[in-house]
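Work through these exercises with the model open beside you. Try each task before you read its solution.

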Amino acid sequence: GKSSACRALAERLGFTYVDTGAMYRAVGLLADEAGVALDDDDGLGRLVAHLTFDLADGGTRLLVGGRDLSAAIREARAGDLASRVSTCPIVRERLVAIQRALGRSGGVVMEGRDIGTVVFPEATFKLYLTAEPGARAHRRALELRARGEAVDEPALARELAARDQRDQTRRHAPLRPAEDAVVLDTTRLTLAEVVAAMERLARSRGVVPPS
C-alpha cells in the first residue's frame with residue numbers, strides 16, 4: 001500500500017512522513033461519530049474549524065485534538081468516509097492549510113491524493129503510485145486480515161473502484177497525476193521493490209544527495 005511504501009521511504013531518506021489521507025479519515029470518523037451528515041458542508045465546516053492535528057512517532061501516529069486515532073483510521077470503513085468528506089470544499093480548505101504548514105520547511109514525504117496538484121504543486125519531486133484494481137484490493141485485504149478484520153475481497157474491490165470514481169470526478173481537487181509527476185505502476189512489485197524504486201527515483205531527482 002501507499003502508506004507502507006511512503007513511510008519506509010521517509011525513513012530511508014531521513015525525512016518526516018505525513019499521511020494526509022489519514023486526516024480526511026479522521027474527519028470522516030469524527031463526523032460519523034458526531035452524527036454530522038457527510039454531505040452537510042456547514043456541519044463539516046464547524047467540525048473541522050478548530051480541530052488540531054499532531055503527528056507522533058515519525059508520522060506513524062495521528063492525534064486529533066489530543067486523541068489518538070491511529071488505529072481507528074485504518075479500519076475498512078474509514079477510507080469510504082474519507083472519500084466522502086473530502087468532497088467538501090470547507091474541509092479541503094482547512095486541511096490543505098494544515099498540510100502546507102507541515103510541509104513548508106521541507107524534508108517531508110507527503111502522501112495523499114492531491115499533493116502534487118493542489119497542496120504542493122511546486123514540490124521538488126512528485127511520484128504517482130498506481131496499480132491494477134485487483135492487486136490493490138488484494139493488498140488491502142491482506143492488511144485488514146492482519147488486523148483481525150473479516151474481508152469480502154470482491155466487495156472491497158468494488159468499494160475501491162467506487163472511491164476512485166468519486167475522487168476522480170469530484171469538482172474540487174480531483175484525483176489525477178500532476179503533469180510533471182513520475183508514474184510508477186506497482187502491480188507486479190513487492191513492497192521492498194516499490195520502496196527501492198521510489199528511493200532511486202527521488203535521489204535521481206536531487207531530493208537528497210545520492211547515497
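**Exercise 1: the sheet**

Strand S2 (residues 53-56) and strand S3 (residues 61-64) pair in the antiparallel sense, over 4 bridges. Two strands pair if DSSP finds at least two bridges between them. Helices (H or I, at least four residues) and strands (E, at least two) are DSSP runs, numbered from the N terminus.

This is a predicted model: local features need pLDDT of at least 70, side-chain atom pairs count only at pLDDT 80 or more, and totals for chains, interfaces and linings use all residues. Residues are numbered from 1 along each chain as its sequence is written, and side-chain values use heavy atoms, with hydrogens and water left out.

Task: Then place S2 in its sheet.

Solution. 
- Step 1. Look at the hairpin of S2 and S3. It has 4 residues between the strands, and Asp57 takes a positive phi near 55° there.
- Step 2. Now write the strand order. The sheet is open, has 3 strands and runs S2-S3-S4, with antiparallel pairing.
- Step 3. Find the edges. S2 and strand S4 (67-68) stand there, each with a single partner strand, so one side of each has no neighbour in the sheet.

**Exercise 2: H2 and H4**

Task: At what angle do the axes of H2 and H4 cross, and which residues meet?

Solution. 
- Step 1. Read the geometry. The axes come within 7 Å and cross at roughly 95°. Axes are lines fitted to C-alpha atoms, for helices over the stretch in contact, and angles run from 0 to 180 degrees between N-to-C directions.
- Step 2. Classify the angle. H2 and H4 are therefore roughly perpendicular to each other. Angles under 35 degrees count as roughly parallel, over 145 as roughly antiparallel, 65 to 115 as roughly perpendicular and the rest as oblique.
- Step 3. List the contact (heavy atoms within 4.5 Å). H2 supplies Tyr24, Arg25, Val27, Gly28, Leu29 and Asp32; H4 supplies Arg77, Ala78, Gly79, Leu81, Ala82 and Val85.
- Step 4. Sort these residues. The contact of H2 with H4 has 7 nonpolar, 2 polar and 3 charged. Ala, Val, Leu, Ile, Met, Phe, Trp, Tyr, Cys and Pro count as nonpolar, Asp, Glu, Lys and Arg as charged, and the others, Gly among them, as polar.

**Exercise 3: H4 and H8**

Task: How is H4 (residues 76-85) placed against H8 (residues 153-169), and which classes make up the contact?

Solution. 
- Step 1. The helices pack at an angle of about 15°, with their axes 10 Å apart. That makes H4 roughly parallel to H8.
- Step 2. List the contact. Gly79, Asp80, Ser83 and Arg84 of H4 meet Arg163, Arg166 and Asp167 of H8.
- Step 3. Sort by class. The contact of H4 with H8 has no nonpolar, 2 polar and 5 charged residues.
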